[in-house]
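This note is for a colleague who is opening the structure below for the first time. Please read its numbered points with the sequence and the model in view.

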Amino acid sequence: MEHVKNQDYFLKSTAICSFLGALTTVLLIFLPNPDAPDFETRSSLYDNGLYLGKLWILFIHPQVNILASLGVAYLLFKKYPLQIVFGTLFLLVWAYTEMAQQSLLIDTLNQIWRPGYVEADNEVSKNMFETLINAANGISDSQYFLVIYGFGLGSLFYGLALVQESGLGKWIGIALLFIGILSLSSFARYYLGVTSLNEIVNWSYKWIYTYLQPLVRIAIGVWILMEIKKRYNTTT
């Protein structure tokens, strides 16, 4: 009985993480970005609370969502081992890489390189920091390569598992299949040169993904709680 209670505590915690993931998603989508159209204004962002706040939210975002996905994995692993193992692997790639990306931006870029550029008192130092700041963009983009790839495949595999469930689980699966395909389509246009996808991908992100992703996070939390209740009913 104690074993079952511990399992329920774990699953409830992952459901809470999914709700927190919905919150971080909403904040990331709807909080405005600071106006920084050129290099000089972007160099001063290290002192901008809104900009830094979004970076910290982006750092926390994959942590709560990977924990939520572990709740799904725990419930579905025995039924769909291939989809869950593959999906968890790719979601771990996404979560770790996005955390590493944000740590680069929070620490190296905005605590060292940008302040160094602004405070530089000679041309040599200024040019050095400018080169480092420009390099950070390339490093961050190469990390985004893994972020969107891992998130796309992870969502797709979890969708392939959940779509075989009934009720709410099936609808979550359909939504995750859409999100996975959309993410991989975005990967294809950015990194494989499939520019023909630009219009439909941009439209889907603007009018569907923006609202679907937070709803999916909430739905996953609700589904986990429903599964706990179902398990409780079968053991009493």
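In which helix is valine 4 found?

1. Valine 4 is found in helix H1. With a relative accessibility of 30%, valine 4 counts as partly exposed; the classes used are buried for under 20% relative accessible area, exposed for over 50% and partly exposed in between, with a 1.4 Å probe and protein chains only. Between valine 4 and leucine 50 there are 46 residues in sequence and 43 Å in space, C-alpha to C-alpha.

2. On the basis of the note: this is a predicted model, in which local features need pLDDT of at least 70 and side-chain atom pairs count only at pLDDT 80 or more, while totals for chains, interfaces and linings use all residues. Residues are numbered from 1 along each chain as its sequence is written, and side-chain values use heavy atoms, with hydrogens and water left out.

3. On the overall fold: the chain has seven helices and zero strands, and its pattern along the sequence reads α-α-α-α-α-α-α. Helices (H or I, at least four residues) and strands (E, at least two) are DSSP runs, numbered from the N terminus. Along the principal axes, the C-alpha atoms fill a box of roughly 75 × 45 × 30 Å. Of the 236 residues in the chain, 45% are buried.

4. On H4 and H5: these helices pack with their axes 7 Å apart, at an angle of about 165°. Axes are lines fitted to C-alpha atoms, for helices over the stretch in contact, and angles run from 0 to 180 degrees between N-to-C directions. H4 is therefore roughly antiparallel to H5; angles under 35 degrees count as roughly parallel, over 145 as roughly antiparallel, 65 to 115 as roughly perpendicular and the rest as oblique. The contact of H4 with H5 has 30 nonpolar, 11 polar and four charged residues. In this grouping Ala, Val, Leu, Ile, Met, Phe, Trp, Tyr, Cys and Pro count as nonpolar, Asp, Glu, Lys and Arg as charged, and the others, Gly among them, as polar. H4 passes H5 in a left-handed crossing, a term for a near helix turned anticlockwise from the far one by less than a right angle, with right-handed used if the turn is clockwise.

5. On H3 and its partners: the axes of H3 and H4 come within 10 Å and cross at roughly 165°, which makes H3 roughly antiparallel to H4. Their crossing is left-handed, and the contact of H3 with H4 divides into 20 nonpolar, seven polar and two charged residues. For H3 and H5, the axes come within 11 Å and cross at roughly 40°, so H3 and H5 are oblique to each other. H3 passes H5 in a left-handed crossing as well.

6. On the largest pocket: its volume is about 1300 Å³. Of the 39 residues that line this pocket, Leu28, Leu58, Glu98, Gln102 and Tyr144 are the closest to its centre. Two or more lining residues come from each of H1 (2-30), H2 (39-43), H3 (49-76), H4 (81-119), H5 (123-162), H6 (168-191) and H7 (198-235). H5 supplies the largest share, nine residues. By class, the lining of the largest pocket has 22 nonpolar, 10 polar and seven charged residues.

7. On the terms for such spaces: on a 1 Å grid over the protein atoms alone, a cavity is a set of points where a 1.4 Å probe fits but cannot get out, a pocket is an open set with protein on both sides within 12 Å along at least five of seven lines, and lining residues have an atom within 4 Å of a point. A volume is the space filled by probe spheres set on the points.

8. On the cavity: a search of the whole structure finds one cavity of 30 Å³ or more. The largest cavity holds about 170 Å³ of space, and of the 16 residues that line it, the closest to its centre are Ser69, Leu91, Leu176, Arg217 and Ile220. H3, H4, H5 and H7 each supply at least two residues of this lining, and H5 gives the most, with five residues. The lining of the largest cavity divides into nine nonpolar, six polar and one charged residues.

9. On glutamate 227: this residue lies in helix H7 and, at 13% relative accessibility, counts as buried. Glutamate 227 and leucine 75 are 152 residues apart in sequence and 8.0 Å apart in space, C-alpha to C-alpha.
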